[in-house]
Amino acid sequence: MMKLQKNALTQLHGRHLPLDETVELNLTRRHLQLVEAKPAHFIGEAFAATGLFIVEGRLTGELTMECARCLKHFPYSYDVGVKETFMDEKAIEFEVDDEMELHPIEGEEIEVTPYLEGAVLLDLPHTLICSEDCKGLCPECGANRNDKECGCVVERIDPRLAILGELFGKQDK
């Protein structure tokens with residue numbers, strides 16, 4: 001868990017605190033294709049300014065994903081820019097707008113990890129495939145067509161369009 005102390009940031013009087021940390025992200029069951037998340041690496045800085053605590057930097061790491069076409073596991077690397085702003089409601093000296101993306105702080109610690117997890121999940125594509133030329137699984141026998149050709153003949157015609165196939169077949173004769 002990546003936690004920052006409010007007092008430590010406030011005592012810096014506007015100076016930046018360099019951050020270079022390995023973070024365990026709990027991403028299991030938060031994306032359909034995610035199999036495993038290796039520890040991520042965050043490099044950035046944190047600083048305090050008038051009741052606000054800002055954390056910004058880059059989060060890099062590797063996930064093990066399951067291909068949407070062939071179900072094979074493959075590594076997926078990410079590099080996400082992160083900028084999160086936290087607010088101490090007691091110390092804030094300006095009007096907070098609903099459109100401002102501010103996270104309220106409860107207590108003396110700022111828990112950054114859930115926001116890092118969210119940044120990774122938002123950066124992931126909806127559907128991931130192991131390679132652009134992935135052939136997927138055979139719909140007839142289930143064999144991985146990237147490993148070997150199974151020999152199945154897969155010729156599916158939408159039943160609503162079958163009549164057109166018959167029509168074109170008659171014209172060819």
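The model is predicted: local features need pLDDT of at least 70, side-chain atom pairs count only at pLDDT 80 or more, and totals for chains, interfaces and linings use all residues. Residues are numbered from 1 along each chain as its sequence is written, and side-chain values use heavy atoms, with hydrogens and water left out.

L164 sits in helix α3, residues 162–172. Helices (H or I, at least four residues) and strands (E, at least two) are DSSP runs, numbered from the N terminus.

The structure also holds 1 aromatic pair. Its members, F86 and Y115, are arranged edge-to-face, at 5.2 Å centre to centre and 75° between the planes. Rings of Phe, Tyr and Trp (its six-membered ring) pair if their centres lie within 6.5 Å; planes under 30 degrees apart count as stacked, over 60 as edge-to-face and the rest as tilted. Because F86 belongs to strand β6 (residues 73–87) and Y115 to helix α2 (residues 113–123), the pair ties together parts that are 29 residues apart in sequence. F86 is buried, with a relative accessible area of 2%, whereas Y115 is partly exposed at 26% relative accessibility.

G151 is found in the loop between α2 and α3. With 63% relative accessibility, G151 counts as exposed. The C-alpha atoms of G151 and C141 are 9.5 Å apart, and the two residues are separated by 10 residues along the chain.

Technical notes:
Buried means under 20% relative accessible area, exposed over 50%, partly exposed in between (1.4 Å probe, protein chains only).
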